[in-house]
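Student: I would like a close look at one part of this model, at the level of residues. Please start from one residue and then place it in its surroundings.

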Amino acid sequence: MTAITVDPATSAAPRRGPVFIDTDVHERVDTTSLLPYLAPVWHKYITDYRWVPDRVLPYSQPTAGGLDRLDSLLPDGRPGGSDLGWLTSQLLDEYNVEYAILTGWLNASAFAEGWMEFKTALMSAVNDYQAEHWLEKEPRLCGSVHVNAWDTEGSVREIDRMAAHPGFVQVMLYVGDQPFGHPRYHPIFEAAARHGLVVGIHHSENSPVSMGFGRYFAEWHTLVPQVFMSQMGSLIFNGVFDKYPDLKVNMIEGGFSYVPHFMWHADQQYRQLRHEVPWVKRLPSQIIRDQIRFATQPIEEFTAEQLETLIGQMESDELVCFSTDYPHWDFDSPLEALPPDLNADLAQKIFYDNARALYQRLPAATRVATQGDRR
Amino acid sequence: MHADSVPLDARPAVGAGQAVCSAGELRPGQMLPVLADGRDVVVIRTPDGGLHGLEDRCLHCGRRLSHGRLHVAVTATDVGRYEEEQGRFVIKCSGDGYEYDVATGTTLFDSARSVTRVAVREADGAIFVGAPAA
Ligand code: FES
């Protein structure tokens, strides 16, 4: 793989904006780079038979750079997030990132169920590659253990294996069309909680919304929060949080403005229908406040008053964690995503404190995090 | 004497300390709405013979609890494992279904919310409704 040379003049520029923890950064690896981490029995499927990851989205991402921000595409044609030097220059050194949590690109939990053996092996290769080429080269990066959720036993084995590496802070589940509250997945949540790993639930191009994909990307992309509401309903009413009270889940790439609505509606259902789900022991809104967090991106363009009202409706200012979604096209800049006149204490919690409290395996703070200049 | 069989205008209206019915009239599994000293009360005889009194008004929209259903409480120690809690009884409101523990008046969805308990006692072959229980 070609390393990209970063212009030293750019990389030496002072970092801008508040100190923050970025809870959604996509590093990327092409499948041929995974060959050294895969048993030889699998190689021909990539080299000769041209396996490609499942992708069921019926349209392109209709933006200037496709899935990626145009300026994140590499001069050699590789997609955004493929090169450590480029990512460091455009994100880690450009802004005041204390830690960036890698969320990857290739995650078999969002694929169809078949051929579990290959996909489980592929996830191990992704994790080994991530450790060697990203985590061990840049201390500001933290890792996610990718698993193939269809293979519960294989997922637990992989979580136990990668938890021994201190760079991993999270288990990553991309969403396809299966709700993760089903008891078949519970051992994955048990294993994550046992190791102090957050479970990151991330949207994907294989997640339909409630009536399918719709005819247009804009239609589907507008309704992405439905996917997260479905996952929350599934996890809560299937008792996952009652069963694993130490578990923490971060909902990534769905925003958070749907949360008050969900809390109100789910609480009402619980008050009326508790006897049907008697393994649920707390009001859903309380479960959310105790055990679920939300990455900000793609944040709406709120006024300070709107955002403060929304947070007030969630009855906690500890639920929302900043994320950029670098290098994707709808990247949220820490300089612009939050309204400039937002209450400073709230901004500090969103940019830094909430993620620090959530990710127990993050290394100790390297700097005193302050609000600083957000411009 | 299920509550549904007692028209509201036929509720016994009694003063403080007066008997509301004979002990034999309220059989296990039955509820009796009464107007006791101007206060709406549901007197409950649980299937195991226990006697309880609650203010007869749901916290949600004020429906009479005596119009609801008396059940054994349902709990679970794991997902999908429904279990009856022997000896614990609930009234499920006829409206949106709030559940109340008949012995404590507390809702099963939130231990911080309760209807007021009312003291009831059985003596000399009759059932008496007293002041709200402490
Ligand atoms: S009035 Fe009782 S649940 Fe609505």
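Student: In which strand of chain B is Ala13(B) found?

Tutor: Ala13(B) is found in strand 1 of chain B, which spans residues 13-14. Here helices (H or I, at least four residues) and strands (E, at least two) are DSSP runs, numbered from the N terminus. This is a predicted model in which local features need pLDDT of at least 70 and side-chain atom pairs count only at pLDDT 80 or more, while totals for chains, interfaces and linings use all residues. Residues are numbered from 1 along each chain as its sequence is written, chains are lettered from A and ligands numbered from 1 in the order in which they are written, and side-chain values use heavy atoms, with hydrogens and water left out.

Ala13(B) counts as exposed because its relative accessibility is 59%; exposed means over 50% relative accessible area, buried under 20%, and partly exposed in between, with a 1.4 Å probe and protein chains only. Its C-alpha lies 4.6 Å from that of Leu35(B), although 22 residues separate Ala13(B) and Leu35(B) in sequence.

The rest of chain B gives the setting. Chain B has 10 strands and 0 helices, so the pattern along its sequence is β-β-β-β-β-β-β-β-β-β, the elements being the DSSP runs defined above. Of its 134 residues, 43% are buried. Among contacts in chain B with a separation of 6 or more, 44% join residues 24 or more positions apart, where contact means heavy atoms within 4.5 Å.

Cys21(B) counts as buried because its relative accessible area is 10%, and Cys58(B) counts as buried because its value is 5%. A disulfide is a covalent bond between the sulfur atoms of two cysteines. With a disulfide taken as a pair of cysteine sulfur atoms within 2.5 Å, the count over all chains is 0.

Next, the nonpolar cores. A nonpolar core is a set of buried Ala, Val, Leu, Ile, Met, Phe, Trp, Tyr and Cys residues joined through side-chain atoms within 4.5 Å. The largest has 125 residues, and Phe189(A), Met251(A), Phe256(A) and Phe294(A) touch the most other members. Helix 4 of chain A (residues 116-135) gives the largest share of this core, 10 residues. A second, separate core of 14 residues includes Val34(B), Leu51(B), Val120(B) and Ile127(B). In soluble globular proteins, nonpolar side chains tend to be buried together.

Phe189(A) is one of the buried residues of helix 6 (residues 186-194), along with His186(A), Ile188(A), Ala191(A), Ala192(A) and Ala193(A). These buried residues are covered by elements including helix 5 (152-162), strand 4 (168-174) and helix 8 (224-237) of chain A. After helix 6 comes Gly196(A), with a positive phi near 70°. Met251(A), leaving aside neighbours within four places in sequence, has contacts including Ile201(A), Phe228(A), Leu235(A) and Phe294(A).

Helix 11 of chain A (residues 284-291) is mostly covered, with 6 of its 8 residues buried. What covers those buried residues includes helix 10 (259-273), strand 6 (249-252) and strand 7 (292-295) of chain A.

On a 1 Å grid over the protein atoms alone, a cavity is a set of points where a 1.4 Å probe fits but cannot get out, and a pocket is an open set with protein on both sides within 12 Å along at least five of seven lines; lining residues have an atom within 4 Å of a point. Grid points are joined across faces, edges and corners, and a volume is the space filled by probe spheres set on the points. There are 2 cavities of 30 Å³ or more. The second largest cavity holds about 40 Å³, and His26(A), Leu67(A), Asp68(A) and His328(A) are among the residues that line it.

His328(A) sits in the loop between strand 8 (320-321) and helix 13 (344-358) of chain A. His328(A) counts as buried because its relative accessible area is 8%. Beyond neighbours within four places in sequence, His328(A) is in contact with His26(A), Leu67(A), Asp68(A), Arg69(A) and Glu253(A).
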